[in-house]
Amino acid sequence: YMLLVKLPTYMRYILKFDIKSNAALSAVPFLCMWIFTMVLANALDALRARGFITTTFARKLATFFASVPPSVCLIGVTYVGCNTDLAVALLTLGTMFVGGMY
């Protein structure tokens, strides 16, 4: 929820995006999260249905995707400075992977 609330503020005041760019760029990570959620859920369910993984392992894997990659991406954002392209890419990836919790 921190990303949902603070992402537009970060993009406006730190990355210096104008309001039009800020609106579109603040929405892209959440669109990617929605797509990732659907893809991951269907993939894990297909693997589980075929007996390749258990329900417990599917849940643990989804929790891993929702925890580790976003933390790595957010730590990475602190090191890119004002490189807007890399910051937006890392924020998008970090937010996208949070979709694993759904």
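Leaving aside neighbours within four places in sequence, phenylalanine 17 is in contact (heavy atoms within 4.5 Å) with Met11, Arg12, Asn22, Leu25, Thr84 and Val88. The model is predicted, with local features needing pLDDT of at least 70 and side-chain atom pairs counting only at pLDDT 80 or more, while totals for chains, interfaces and linings use all residues. Residues are numbered from 1 along each chain as its sequence is written, and side-chain values use heavy atoms, with hydrogens and water left out.

**Exercise 1.** Describe the secondary structure of the chain.

*Solution.* Begin with the count, which comes to four helices and zero strands, where helices (H or I, at least four residues) and strands (E, at least two) are DSSP runs numbered from the N terminus. Then read the order from the N terminus on, which is α-α-α-α.

**Exercise 2.** Determine how H3 packs against H4.

*Solution.* Take the geometry first: the angle is about 165° and the axes are 7 Å apart, the axes being lines fitted to C-alpha atoms over the stretch in contact, with angles from 0 to 180 degrees between N-to-C directions. H3 is therefore roughly antiparallel to H4, a term for angles over 145 degrees. Then sort the residues of the contact by class, which gives 13 nonpolar, two polar and no charged; Ala, Val, Leu, Ile, Met, Phe, Trp, Tyr, Cys and Pro count as nonpolar, Asp, Glu, Lys and Arg as charged, and the others, Gly among them, as polar.

**Exercise 3.** Work out the packing of H2 and H4.

*Solution.* Helix H2 (residues 19–49) and H4 pack at about 35°, with their axes 7 Å apart. The residues that make the contact include Leu25, Phe30 and Phe36 of H2 and Val88, Leu91 and Phe97 of H4. By class, the contact of H2 with H4 divides into 12 nonpolar, two polar and no charged residues.

Technical notes. Parallel < 35°, antiparallel > 145°, perpendicular 65-115°, else oblique.
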